[in-house]
Amino acid sequence: MINFFKRKPKQYPLYWEEYEKCFEQKQPAELKDVRFVVLDTETTGFDYVHDRILSIGALTLKDKMIEVSNNLELYLEQEHFNADSIKIHGILKSEAIFRISEEEALQQLLAYLQNAVIIAHHATFDLNMINKALERNGLPKLKNLAIDTSNLYKHTLLTTNLVKKKEHYSLDELADKFDISKKDRHTAMGDAYITAIAFLKIKSRLKEKESLKLKDLVKMG
Amino acid sequence: MKNTISHRVADFLKNYPPFNLLDKPNLLKLSEQITIIYKEKGSPVFLENDSPHAHFYVVNKGAIALKKSNEKSMMDLCDEGDIFGLRPLMASENYKMEARAQEESILYAIPIEKFKPYAQQNNEVGDYLIASFASNTRNPYSITHRGKLYQEVLEPDTPHTPLMDLQTVQYSKKLITCTENTPVNKVAEKMTANKVGAMLILKNKLPIGIITDRDLRNNIVTGKYPITVEASKIMVSPVTTFRKNITITQAQMAMMKSNISHLCITKDGTPDTKAIGILSKHDIMVAMGNNPAVLIKAITRAKKIKNIKRIRKSIDHLLAGYLEQNIPMTLTSKIITELNDACIKRIIEISLKEMPSEPPVKFTWLSMGSQGRSEQLLQTDQDNAILFENVPEEDLEETTNYFLKLAKIINKGLFDIGYEYCPAEMMASNPNWCHSLDQWKAKVSQWITNPGADEVLLSSIFFDYNVTYGDMELADKLSEHIFETTQNYPIFYLHLASGALQNPSPTGFFRQMLLEADGEHKDTFDVKRRALMPLTDAARVLILSHSIKFVNNTFERFEKLAELEPNNKETFLACSYATKALLKFRTKQGLLHNDSGRYIAIEQLSKEERIKLKRTFKTIKDIQELISVRFKVSNLMR
């Protein structure tokens, strides 16, 4: 007889369990030892339900250094397609780039992320997109701490009623402000790189105010 | 696998030697091995005697200063595309000097193990490295790409010593000579062929006379002598001679004294030994690269913003030299402000060329704050605004957009040469600071008639404006309007005065200096907020109440006030003196620490300096009392 009432803990695939295991380790106390993963996703649109991730770009930032060889650049196979957004990111459905399935991409992403602190510009959007993809594959949400550079940037601005802070600051505005070349803008990896440099520059300006800890950053971002 | 970042790195490196010598696949492969490093301003890359890293470095953005730790002056400054820290790796020895981020920088760290094979396989790359190591010159390829691979400089070839006067001059060793009976037309032919302005006449290898362009003009062209006359007839004799290590000052004096343009260098400095070279006025000009007149010329000739950035560095050297030599602050600030103004002006000219069309109407570029007061010796934040001619209502939006676009280019240009963006966005590219004359009039009227705390602050920044570029008349009209309005609303002075008194006091109850209590600048003295601002604010409200136009500089304002009010002469002159002293303090501190100099670490000051600083506080108190009484500030809720 099958017992319908006994709730067995849900079995997740091995790669998820390995990912989950990474979080048994605590984040280091010193900011310079913390592993950050800066990521950006290009999607078919802004609808969490219907739109899909086209590509993911992620790089690792540790102690103000980025190793070029250690990054993750994924292009996903597409079912859903939105003609409008091609104009922005230029990724065509049939373009000859090596593509992988959504699950394969998630598997690689989780293995790359581990317990790193995620940094993204307008992080909520990227995280929601990834979490939706996880959900479609029967997996729980990401467990990483996350920092949004758009929010973090606002803390570098003067608090005075002479300057009206905007609700959002675009990545373009940050790139202009911090003199970062906008080469490869609107590719996942290009944007991830701009975000990474912007994060470093924001962080150094924040440091002028207090000795910064990870929890301060997470709170602000 | 696609790697966008390594492409980005390769795309940058391919512009600079020796990476331009690698083919694309190899460059890409190398780029994949690179680590991108961010360095905050002032943080070290490596220190003297550190053991060699596994990487050498290329500057992607920013600038890295190389110096010996026991010497004050910088050995070299590496900027975009320059290589540093390679030689110790090749020679397996410790670093001979330290490398520190002069500004916020991004570096590419290239692993030496991955790079070595290219240096060995690719002959051109190898040759480049050998050439750079062997010649103690800069990059053997070109001056613009002065990437330097060696580290130790035995003797910097163009030292940035601010005290140029005692430096020896390079003279030309290529001697163009003739004998006393050479016909003058042959002399002239030879001078033209060799592109020189003077010819030495030798007899038994000893210099007996000199013929210059001027002698040819005075004697031949005037028809005094035929053109076939012997050289000895028209040569100037005897020749003024010097030893070879003549200093700039000596050479200048000698030329002025005898009203000549060339000196002959002989073996022992007398006309009785062999001539070994010739020194012209031009050589002196070149040696005096740090001279303000030469710098101004270089600025007005600069075609690119990058060139101006280099010149800006020379201005800082000049400033350091002036302070060291105790040149009066009035003169120093005048010269430096002129140079800074010239830089900004040039950037505006370059930016205007980038615009698709000419400005639709006349406009004025206003510098505000310290730049407007001609007190900005060190580069700080930019504060500026645009004022343009009135246009019909329907054209206003288009005109405003034109100037906003222009301002954006200018603001970026200023940023590129080292003026940080204003954190409060008080820049012409902000729509709040780019208006037509009528719009500005309405705006300042509003500030003056409704003086809340924000309005007083805004006016205190804006009212120190100065025309850096463009139409003076527009600014003049605006100033007239400000004076008229303030006279009709005298209550505004009261608010401005009370604003001037709100700066925190420099000393506490026991007359001890008040230091910052917390934050990054804990235990330092904020010389800007606690000492300079009270004086600046006081000068502004007083001069405004006298309706004096175009005296913006704080110490000049006090001098003017001393003139206008003989009974308070002493106080005002003391204020003028205090301002200069404080400004000098701040500038010296700033140059020392490569920052704005605003926060002074008191314990690092000498006793004498501390007394000097404290003496200014008494003056600040006096002027604040004067203002408080004059404008009856106590009537206002403070």
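Me: Which residue in E13(B) is the bridge partner of B:Thr241?
Reply: That's B:Cys264. Keep in mind that this is a predicted model.

Me: How do you know that E12(B) and strand E13 (residues 262-266) of chain B pair?
Reply: Count the bridges: pairing takes at least two, and 2 bridges join E12(B) to E13(B). So the two strands count as a pair, and they run parallel.

Me: What makes strand E12 (241-242) of chain B an edge strand?
Reply: E12(B) pairs on one side only, and strand E14 (275-280) of chain B does likewise. They belong to an open sheet of 3 strands in the order E12-E13-E14 (chain B), with mixed pairing.

Me: How many residues of chain B are in contact with chain A?
Reply: 27 residues of chain B are in contact with 31 residues of chain A. To count, two residues need C-beta atoms within 7 Å.

Me: Which element gives the most to the side of chain B that touches chain A?
Reply: H1(B), with 5 residues. The elements giving two or more residues to that side are helix H1 (4-13), strand E1 (35-39) and helix H17 (453-462) of chain B. By class, the side has 12 nonpolar, 7 polar and 8 charged residues.

Me: What makes a residue of chain B one of the buried ones, and what share of the 638 residues is that?
Reply: The test is 20 or more other C-beta atoms within 10 Å of its own. In chain B, 39% of the 638 residues are buried. For chain A, the share is 33% of 221 residues.

Me: Which element of chain A has the lowest mean pLDDT?
Reply: Helix H2 (residues 83-89) of chain A, with a mean of 63. On a scale from 0 to 100, strand E4 (residues 117-120) of chain A has the highest mean among the elements of that chain, at 95. For chain A as a whole the mean is 85, and 82% of its residues reach 70 or more.

Conventions
Residues are numbered from 1 along each chain as its sequence is written. Chains are lettered from A and ligands numbered from 1 in the order in which they are written. This is a predicted model: local features need pLDDT of at least 70, side-chain atom pairs count only at pLDDT 80 or more; totals for chains, interfaces and linings use all residues. A residue is buried if 20 or more other C-beta atoms lie within 10 Å of its own, exposed if 12 or fewer, and partly exposed in between; C-beta atoms are placed from the backbone. Helices (H or I, at least four residues) and strands (E, at least two) are DSSP runs, numbered from the N terminus. Ala, Val, Leu, Ile, Met, Phe, Trp, Tyr, Cys and Pro count as nonpolar, Asp, Glu, Lys and Arg as charged, and the others, Gly among them, as polar. pLDDT is the predictor's confidence in each residue, from 0 to 100.
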